[in-house]
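Open the model in your viewer and get ready to select residues by number. We will go stop by stop.

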Amino acid sequence: MSADPASGPEPGALLELARAAAAAGAAVLAGRNAAELGVSNKGDAGDWVTAFDLAAEKAVRAVLIAARPQDIITGEEGGTVLPDDASGYRWSVDPLDGTTNFIRNIVYYGTSVAVADPEGVWLAGVVHAPALGRSYYASRGHGAWLDENGRQTQLFGPVPGRSGQILATGFNYDAGVRAEQAGGLGSLMEGFADVRRLGSAALDLCLVADGTIDAFGERGLNEHDFAAGALIAEEAGCWVRRPRLTSPLAGGPSDEERLAAWTCAGSLEFSGKFPL
């Protein structure tokens, strides 16, 4: 790898590029047309991909490659692009987080784009949700922000200790794993008033960052599901636990590794709440 992290781009510059790339993907999603979804299944029942996933990732990659052609890109649908003389900076792209919601016209979906330095430190992340009119974004050391229809608001996470706390989580596509998760839901919900399952981990993390949800915990996520949202929650002052998964550059995690790992976020009071 040719890049020296000390002389690399500033997080703010990378954030501007991430915002432009995520906006390009979100613009594709905003053109949703039920007659042109082009739905197919990726293997597990309920694990769908649409023509919009593919088109949105193509749009994201085009913006990134035009600006930084030597950066590595790993994406949910397009795999890994490893240029000759790669810079070491790597973009993690989820063109459509919440595909089932998108298919059924449920508004919780968006494009997620994040970038890490050559040491693997996440520097900038964006989750752009066009049906909500929201773009969540953060760069390391510069806080987390929400752009909602042109209005910018800094995010500071949930209010600690408030009554009626809400947990967000998700479930696996595999029926056996899902049954196991459902069996543990009661103990996981101890201390919470209710639970939400919105269908987009990226947005769940952002809703912790903006204080809508008090905590999020889910196991079995891929890196592209949480890369941007976890940084946004972290920069909002939340406690965040990212799973330590095998890098996409090394082939990515096995199903067993991924299913054993939790992604969590919330105020500090929840740091001991979730299983290790």
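**Stop 1: a buried isoleucine**

Select I73: this residue is buried, with a relative accessible area of 2%. Keep in mind that you are looking at a predicted model. I73 sits in strand β3, residues 72-75.

What is I73 in contact with, leaving aside its neighbours within four places in sequence? Show R61, L64, I65, G79, T80, V81, W91 and V93.

In sequence, I73 and P158 are 85 residues apart. In space, their C-alpha atoms are 32 Å apart.

**Stop 2: a pair of helices**

Select helix α1, residues 11-30, and helix α2, residues 51-67. Their axes come within 8 Å and cross at roughly 155°. An angle over 145° counts as roughly antiparallel, and α1 and α2 are therefore roughly antiparallel to each other. The crossing of α1 and α2 is right-handed.

Which residues make the contact? On α1, show L17, A20, A21, A24, G25, V28 and L29. On α2, show F52, A55, A56, A59, V60, V63, L64 and A67. Colour them by class: the contact has 14 nonpolar residues, one polar residue and no charged residues.

**Stop 3: the largest nonpolar core**

In soluble globular proteins, nonpolar side chains tend to be buried together. The largest nonpolar core here has 38 residues. Select V127, Y136, L155, F216 and I232, which touch the most other members.

Where do the core residues come from? Strands and helices that each supply at least two are β6 (110-116), β7 (122-129), β8 (134-139), β9 (144-148), β11 (166-168), α6 (201-209) and α7 (223-235). The largest share, eight residues, comes from α6.

Zoom in on V127. Leaving aside neighbours within four places in sequence, V127 is in contact with T111, S112, R134, S135, Y136, A202, L203, C206, A228, G229 and I232.

There is also a second, separate core of 18 residues. Among its members are L17, A21, L64 and V126.

**Stop 4: helix α6**

Select α6. Is this helix mostly covered or mostly uncovered? Mostly covered: nine of its nine residues are buried. They are A201, A202, L203, D204, L205, C206, L207, V208 and A209.

Conventions. Residues numbered from 1 in each chain as written. Predicted model: local features only at pLDDT ≥ 70, side-chain atom pairs only at ≥ 80, totals over all residues. Heavy atoms only, no water. Axes fitted to C-alpha atoms, helices over the stretch in contact; angles between N-to-C directions. Helix = DSSP H or I, 4+ residues; strand = E, 2+ residues; numbered from the N terminus. Parallel < 35°, antiparallel > 145°, perpendicular 65-115°, else oblique. Left-handed = near helix turned anticlockwise from the far one by under 90°. Contact = heavy atoms within 4.5 Å. Nonpolar A, V, L, I, M, F, W, Y, C, P; charged D, E, K, R; others polar. Core = buried A, V, L, I, M, F, W, Y, C linked by side-chain atoms within 4.5 Å. Buried < 20%, exposed > 50% of the residue type's maximum accessible area, 1.4 Å probe, protein only.
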